[in-house]
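Work through these exercises with the model open beside you. Try each task before reading its solution.

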Amino acid sequence: MASVLYITAHPFDHQASYSMAVGKEFVEAYKESHPQDEVVHLDLYNLVIPHIDADVFSGWGQLRSGASFDKLSPGEQSKVTRLNEIVDQYVAADKYVFVSPMWNFSFPPVLKAYIDAICIAGKTFKYTAEGPVGLLSGKKALHIQASGGIYSEGPAAVVESGHSYLGKIMQFHGITSFEGIFIEGMGAFPDQAQAIKEKAIARAKEAAATF
């Protein structure tokens, strides 16, 4: 049995969001073809994700210096504990499905906060004399991204910073199996929006069977 984290970064549901609609179809198809697997939905807009702030840096620094956990302030304790919970859940999973819209060439800030929470030395990567090495080899990841224009290819691809950045993070963690499903062009070609969505759903269902 494999464990899948279905990680969504959109304030709306599948009825109002192209990315969430395709994500929903992917998950349903995945469950049908992998009935033995566990799928856990992480709605980042309804998840407590501490920002990496002064409390976090202070707490981490004290722990690295040998201080006991109870010496940390209440704020430091709660944030460090929560960040440990997030990264441990991430490390324990076998597969990851990220769903997000493109906002300003990237993704919503809640996804960046989540990425910061899972990029922890000793958990998802380690430092070596030759540079950082990812610790999650053998795992798989998929990103479903919606955008009003065409950014996965063509002249605008140079400014795409959502899928490309997430791919760099996956590589940083040692995850080399990383795919993308793009729902794009609905803003540029509104008369084709439904057809674009249906094509992406068909692609998602196909991908679910082999993911």
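**Exercise 1.** Find which residues are linked with Asp55 in a network of salt bridges.

*Solution.* This is a predicted model. Start from Asp55: Asp53, Asp55 and Lys79 are linked in a network of salt bridges. Next, check one pair. The side chains of aspartate 55 and lysine 79 meet with N and O 2.9 Å apart. The cut-off for a salt bridge is 4 Å, so the pair qualifies. Now place the partners. Aspartate 55 lies in helix H2 and lysine 79 in helix H3, so the bridge ties together parts that are 24 residues apart in sequence. Last, check accessibility. Aspartate 55 has 27% relative accessibility and counts as partly exposed. Lysine 79, at 23%, also counts as partly exposed.

**Exercise 2.** Describe how helix H2 and helix H3 pack.

*Solution.* Two packed helices are described by the angle between their axes and the distance between the axes. Take H2 as residues 54–64 and H3 as residues 74–92. Their axes are 8 Å apart, at an angle of about 85°. That makes H2 roughly perpendicular to H3. Then list the contacts. From H2 come Asp55, Val56, Ser58, Gly59, Trp60, Gln62 and Leu63. They meet Gly75, Glu76, Lys79, Val80 and Leu83 in H3.

**Exercise 3.** Sort two salt bridges by where their partners lie: glutamate 85 with arginine 82, and arginine 203 with glutamate 179.

*Solution.* The structure holds 8 salt bridges. Take glutamate 85 and arginine 82: their closest N and O atoms are 3.1 Å apart. Both residues lie in helix H3, 3 residues apart, about one turn of the helix. Glutamate 85 counts as partly exposed, at 43% relative accessibility.

Now take arginine 203 and glutamate 179, whose closest N and O atoms are 3.6 Å apart. Arginine 203 lies in helix H6 (residues 193–210) and glutamate 179 in strand E7 (residues 177–184), so this pair ties together parts that are 24 residues apart in sequence. Arginine 203 has 33% relative accessibility and counts as partly exposed. Glutamate 179, at 30%, counts as partly exposed too.

**Exercise 4.** Which residues make the nonpolar surface patch of about 280 Å²? Where does valine 159 lie?

*Solution.* The patch is made by Phe105, Val158 and Val159. Valine 159 lies in the loop between strand E6 (140–147) and helix H5 (163–172). Finally, classify this residue. Valine 159 has 33% relative accessibility, so it counts as partly exposed.

Conventions: Residues numbered from 1 in each chain as written. Predicted model: local features only at pLDDT ≥ 70, side-chain atom pairs only at ≥ 80, totals over all residues. Heavy atoms only, no water. Patch = residues over 30% accessible without salt bridge, like charges linked within 9 Å, V, L, I, M, F, W, Y side chains within 5 Å. Areas by Shrake-Rupley, 256 points an atom, 1.4 Å probe, with all protein chains shown as cover. Helix = DSSP H or I, 4+ residues; strand = E, 2+ residues; numbered from the N terminus. Buried < 20%, exposed > 50% of the residue type's maximum accessible area, 1.4 Å probe, protein only. Axes fitted to C-alpha atoms, helices over the stretch in contact; angles between N-to-C directions. Parallel < 35°, antiparallel > 145°, perpendicular 65-115°, else oblique. Contact = heavy atoms within 4.5 Å.
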